[in-house]
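Please open the structure in a viewer and keep the sequence panel at hand.

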Amino acid sequence: MNPPTDTEPKRHDESRTLTWAHGQATLQRLGAMLAPVVFRAAGHVDFSPMQVAPWADEPGSAALPGILRRLRGEWPCVPFGRTDLPRGLPAGWQAKTPPDAWGHGFGSHHEWQWLPADDPFSLGLGISYPGGQPVHRLTRWVHAVPDAPALRISLQIEVHEPCVLPVALHPTLRLDAGRVELQVEHTGPGLSYPVPAEEGLSRLRPDAVFASLRAVPMADGDALDLSRYPLRFDTEELLQLQGVNAPVELDYIDQRWTLRLDWDRTLLPDLMLWVSHRGRSAAPWNGRHWALGVEPVNGPFDLGRVATPPAGHAAAQHAGIALHPDVPLTLHYRLQARPNA
């Protein structure tokens with residue numbers, strides 16, 4: 001089921017850009033999505049690691065759901081997850097009905113409002129949610145670090161009532177810039193999606209448990225290295241790594257840069273990976289979307305709004321973040337780049 005579309009007319013001041021000695025970062029009102037981001041260092045080519053979907057200005061893009069219309073970069077998902085129940089979930093998964101039809105949350109589909117900033121190195125956006133759901137308001141700040149190729153980001157979540165909600169951040173990174181190696185340390189297991197992420201296309205064995213990204217079980221009995229890109233074939237995959245215990249790094253080998261993502265892992269203990277390797281052929285994807293979602297999450301994959309895993313399933317460990325109206329929750333995280341010799 002497709003979510004409703006935001007039909008509000010286009011307004012002025014749709015995006016703003018931070019410029020500092022070590023880069024540029026553009027934040028848009030729609031979905032509060034952050035991209036493009038360019039990091040700079042003397043003696044190195046500029047580094048632009050954030051994905052920007054290619055269809056934003058194509059005919060027909062205005063009719064797409066808000067989250068797809070100008071899909072790009074990094075944005076917050078509250079509450080996180082799909083709103084359609086996938087077919088064929090394994091026995092023991094219990095279906096439930098989400099309170100709204102906005103996949104990845106109302107804020108992912110709608111325009112936020114600019115907030116006054118105290119300094120030239122900051123951009124802020126806020127959005128109030130409609131009634132009938134527990135989320136009241138999200139506030140997002142992006143701060144350029146004046147003396148480094150880095151961004152500090154915060155997300156404040158306010159709710160109307162005590163609740164537990166699946167929450168995720170959604171950095172999506174380029175895979176069209178040469179060789180990329182993903183480095184993730186985790187103490188818990190890796191889990192493949194409980195059903196094929198894209199029916200008829202995905203290659204991973206559903207509902208599998210694995211120890212290393214370098215050997216993820218495939219449906220044909222082989223194993224796939226999902227720590228190094230590009231892959232040897234195009235596909236769409238979803239998987240989750242539990243108990244991430246260090247910042248995640250992506251080495252862009254041919255670009256000679258490394259991107260580091262750090263966040264509060266006590267609140268978002270796992271990492272969901274969305275491998276979008278030119279697999280989707282339907283519009284607007286058209287076999288050209290080439291990106292890696294590296295998504296800190298508290299919840300069972302992107303299923304927390306539509307299904308509950310069996311009690312013994314590893315994905316049942318984290319149902320979401322406990323939120324209370326008396327105490328707004330603030331998540332802090334950081335994107336930092338470093339040039340390599």
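Helices (H or I, at least four residues) and strands (E, at least two) are DSSP runs, numbered from the N terminus. The model is predicted, so local features need pLDDT of at least 70 and side-chain atom pairs count only at pLDDT 80 or more, while totals for chains, interfaces and linings use all residues. Residues are numbered from 1 along each chain as its sequence is written, and side-chain values use heavy atoms, with hydrogens and water left out.

**First stop: W263**

Select W263, which lies in strand β21 (residues 257-263). Is W263 buried or exposed? W263 is buried, because its relative accessible area is 5%; buried means under 20% relative accessible area, exposed over 50%, and partly exposed in between (1.4 Å probe, protein chains only).

Next, display the surroundings of W263. Not counting residues up to four places away in sequence, W263 touches V244, V248, L268, D270, L271, P296, H332 and Y333, where contact means heavy atoms within 4.5 Å. H332 is 69 residues from W263 along the chain, yet their C-alpha atoms are separated by 6.1 Å. The side chain of W263 also reaches the backbone oxygen of L268 at 2.7 Å.

**Second stop: strand β22**

Select residues 270-277, strand β22. Eight of its eight residues are buried, so the strand is largely enclosed by the rest of the structure. Both faces are covered: one side carries D270, M272, W274 and S276, the other L271, L273, V275 and H277, and all are buried.

Two strands pair if DSSP finds at least two bridges between them. Strand β19 (residues 235-241) runs antiparallel to β22 and is joined to it by seven bridges; here L241 stands opposite L271. The pairing of β22 with β23 is also antiparallel, over eight bridges, and V294 in β23 is the bridge partner of L273.

Move to D302, in the loop between β23 (290-298) and β24 (307-308).

A polar contact of 2.6 Å joins the side chains of D302 and Y193. Such a contact is a pair of N or O atoms within 3.5 Å; within protein, one must be able to donate a hydrogen and the other to accept it, and residues adjacent in sequence count only if both atoms are side-chain atoms. Leaving aside neighbours within four places in sequence, the contacts of D302 include H104, L238 and M272.

Select R72, in the loop between α1 (66-69) and β4 (76-77). R72 is buried and has no salt bridge; D57, the nearest side chain of opposite charge, is 6.1 Å away. The side chains of R72 and Q28 make a polar contact (3.4 Å). Beyond four places in sequence, the residues in contact with R72 include M33, A35, P36 and T172.

**Last stop: the sheet β1-β2-β3**

Finally, display the three strands that form an open, antiparallel sheet in the order β1-β2-β3. Its edge strands, each pairing on one side only, are β1 (15-20) and β3 (34-39). Six bridges connect β1 with strand β2 (residues 23-28), and L18 stands opposite A25 in β2.

Notes:
Lys, Arg positive; Asp, Glu negative; His and termini not counted. Salt bridge = Lys/Arg side-chain N within 4 Å of Asp/Glu carboxyl O.
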